[in-house]
Amino acid sequence: MRAEAVSLVEQIKQSVGLLRRHLDVETSTRRLAELNAKSEEPNFWDDPDNAQKLMRERTELEDRLDSMDKMERELEDAITLVELGEMEGDESAETEGIDQLKGIKAEAERRQVEALLSGEADANDTYIEVHSGAGGTESCDWARMLLRMYTRWAERHKFKVELIEETAGDEAGIKSATILVKGHNAHGWAKTESGVHRLVRISPFDSNARRHTSFASAWVYPVVDDRIDIQINESDCRIDTYRASGAGGQHVNKTDSAIRITHIPSGIVVACQMERSQHKNRATAWNMMRARLYEQELERRQAETDKLNAAKTDVGWGHQIRSYVLQPYQMVKDLRTGVVSGTPDEVLDGDLDAFMEAALAQRVHGGGPENVEDVE
């Protein structure tokens with residue numbers, strides 16, 4: 001095989017080998033057999049909470065073991081295709097085989113990053129909040145773009161997205177919004193996105209077509225499931241009801257069904273207004289509050305190594321984790337890892353994995369650039 005194919009094969013074998021060692025295939029295969037046997041017992045669902053926990057574990061083990069078997073089968077097929085192409089002088093077959101090797105390599109690298117997701121809540125669903133910064137209409141429009149970016153990222157991963165709350169800007173965009181992203185490892189993937197995001201562009205709201213800088217922030221925290229017990233003293237909370245905003249006409253809510261909960265000791269505020277039922281909004285808001293308090297506890301425990309709080313102090317200059325420049329040139333640059341993309345349109349359409357993978361690897365293994373210069 002030519003040098004490019006040989007190099008790809010070696011890299012894939014190395015990645016799959018690391019994955020196998022990380023998973024401990026022999027132990028995991030035995031555990032999967034145990035879980036399969038348990039799930040067939042007649043009294044398995046007598047304890048629904050424990051049954052769901054075991055089913056989640058089984059699904060995760062099956063996915064990881066199957067993915068490695070699939071990569072190894074696809075690797076053999078791609079090697080065969082490249083070798084046949086070389087023997088028969090079929091350049092198109094050889095090129096197709098190399099393209100397959102590149103795809104397998106990308107999947108192996110993605111799986112390696114997923115292997116880093118071993119935090120307490122990494123496998124959970126996640127909330128993503130977006131808030132506009134100072135700057136009026138410009139920042140509200142940027143917050144709307146950021147919300148769409150995370151929605152598109154979730155859809156690319158085949159996660160389910162639910163809008164929990166949205167507050168419209170005075171003229172355009174949004175002041176704030178919260179989405180719930182449902183899917184395996186949703187929080188593990190998204191957790192490094194918390195921080196301030198900076199946009200540089202020619203403003204569509206400026207009749208003189210001047211360049212503007214806008215800021216918006218993202219705040220990511222996990223859904224707290226039944227495995228995690230978070231106690232909240234209701235006397236520490238203030239609950240407000242208000243009328244949810246709507247699109248007008250028949251969509252305007254005529255009752256005070258929206259719920260806002262303020263946790264007085266911490267100052268945390270959550271809100272839900274997407275359901276017509278006050279009861280459903282209240283239940284969702286309490287779930288969000290439990291999740292926020294849990295994330296606060298995780299941050300407290302990881303304060304030595306995790307500096308997320310520093311990135312959330314002000315939604316403005318000097319606190320950004322990433323800059324998105326649309327004019328006069330095209331670039332997105334992460335100021336923690338140094339990862340750069342020259343296609344901001346694709347990034348804003350949800351192509352965020354390269355940024356997330358680098359930030360996850362840096363968080364787990366350390367290292368990375370000490371000082372990354374921002375773009376002008």
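Reply: Gladly. Let's start with a definition: an angle over 145 degrees between two axes counts as roughly antiparallel, and one under 35 degrees as roughly parallel. Please keep in mind that this is a predicted model.

Me: What describes a pair of packed helices in general, and at what angle do α3 and α4 pack?

Reply: Two packed helices are described by the angle between their axes and by the distance between those axes. For α3 and α4 the angle is about 160 degrees, and the axes lie 8 Å apart. The two helices are therefore roughly antiparallel to each other. Their crossing is left-handed.

Me: Which residues of α3 and α4 meet?

Reply: On the α3 side, the residues include R64, S67, M71, L75, A78 and V82. Their partners in α4 include G97, L101, I104, A108 and R111. By class, the contact of α3 with α4 has 10 nonpolar, 4 polar and 9 charged residues.

Me: How do α1 and α3 pack, roughly parallel or roughly antiparallel?

Reply: The angle between α1 and α3 is about 160 degrees, with 11 Å between the axes. That is why α1 and α3 count as roughly antiparallel. Here, too, the crossing of the pair is left-handed. From α1, the contact draws on A5, V9, I12, K13, V16, L19, R20 and L23, and from α3 on residues including L61, R64, L65, M68 and L75. This contact has 13 nonpolar and 5 charged residues, with no polar ones.

Me: And what is the angle between α2 and α3?

Reply: Helix α2, residues 25-39, packs on helix α3, residues 48-88, at an angle of about 135 degrees, and their axes are 10 Å apart. This pair is therefore oblique. The crossing of α2 and α3 is left-handed. Among the residues that meet are V25, L32 and L35 in α2 and L54, R58, L61 and L65 in α3. The residues of this contact divide into 8 nonpolar, 4 polar and 5 charged.

Me: Which residues lie nearest the centre of the largest cavity, and which elements line it?

Reply: Of its 14 lining residues, L19, R64, S67, R111 and A115 lie nearest the centre. The elements that give two or more residues to the lining are α1 (3-23), α3 and α4 (91-115). The largest share, 6 residues, comes from α3. By class, the lining divides into 5 nonpolar, 4 polar and 5 charged residues.

Me: R64 is among the residues nearest the centre of that cavity. What does R64 touch?

Reply: R64 lies in helix α3. Not counting residues up to four places away in sequence, R64 touches L23, E114 and L117. As for V25, 39 residues from R64 along the chain, the C-alpha atoms of the two are separated by 9.4 Å.

Me: Last, the backbone. What should I expect of phi and of peptide bonds, and where is the cis peptide bond?

Reply: Most residues other than glycine have a negative phi, and most peptide bonds are trans. In this model a cis peptide bond joins Q327 and P328, with omega about 10 degrees. P328 is in the loop between β9 (320-325) and β10 (331-334).

Me: And what is the phi of K158, positive or negative?

Reply: K158 has a positive phi, near 60 degrees, and is a residue other than glycine. You will find K158 in the loop between α5 (137-156) and β2 (160-168).

Conventions. Residues are numbered from 1 along each chain as its sequence is written. This is a predicted model: local features need pLDDT of at least 70, side-chain atom pairs count only at pLDDT 80 or more; totals for chains, interfaces and linings use all residues. Side-chain values use heavy atoms; hydrogens and water are left out. Axes are lines fitted to C-alpha atoms, for helices over the stretch in contact, and angles run from 0 to 180 degrees between N-to-C directions. Helices (H or I, at least four residues) and strands (E, at least two) are DSSP runs, numbered from the N terminus. Angles under 35 degrees count as roughly parallel, over 145 as roughly antiparallel, 65 to 115 as roughly perpendicular and the rest as oblique. A crossing is left-handed if the near helix is turned anticlockwise from the far one by less than a right angle, and right-handed if clockwise. Contact means heavy atoms within 4.5 Å. Ala, Val, Leu, Ile, Met, Phe, Trp, Tyr, Cys and Pro count as nonpolar, Asp, Glu, Lys and Arg as charged, and the others, Gly among them, as polar. On a 1 Å grid over the protein atoms alone, a cavity is a set of points where a 1.4 Å probe fits but cannot get out, and a pocket is an open set with protein on both sides within 12 Å along at least five of seven lines; lining residues have an atom within 4 Å of a point.
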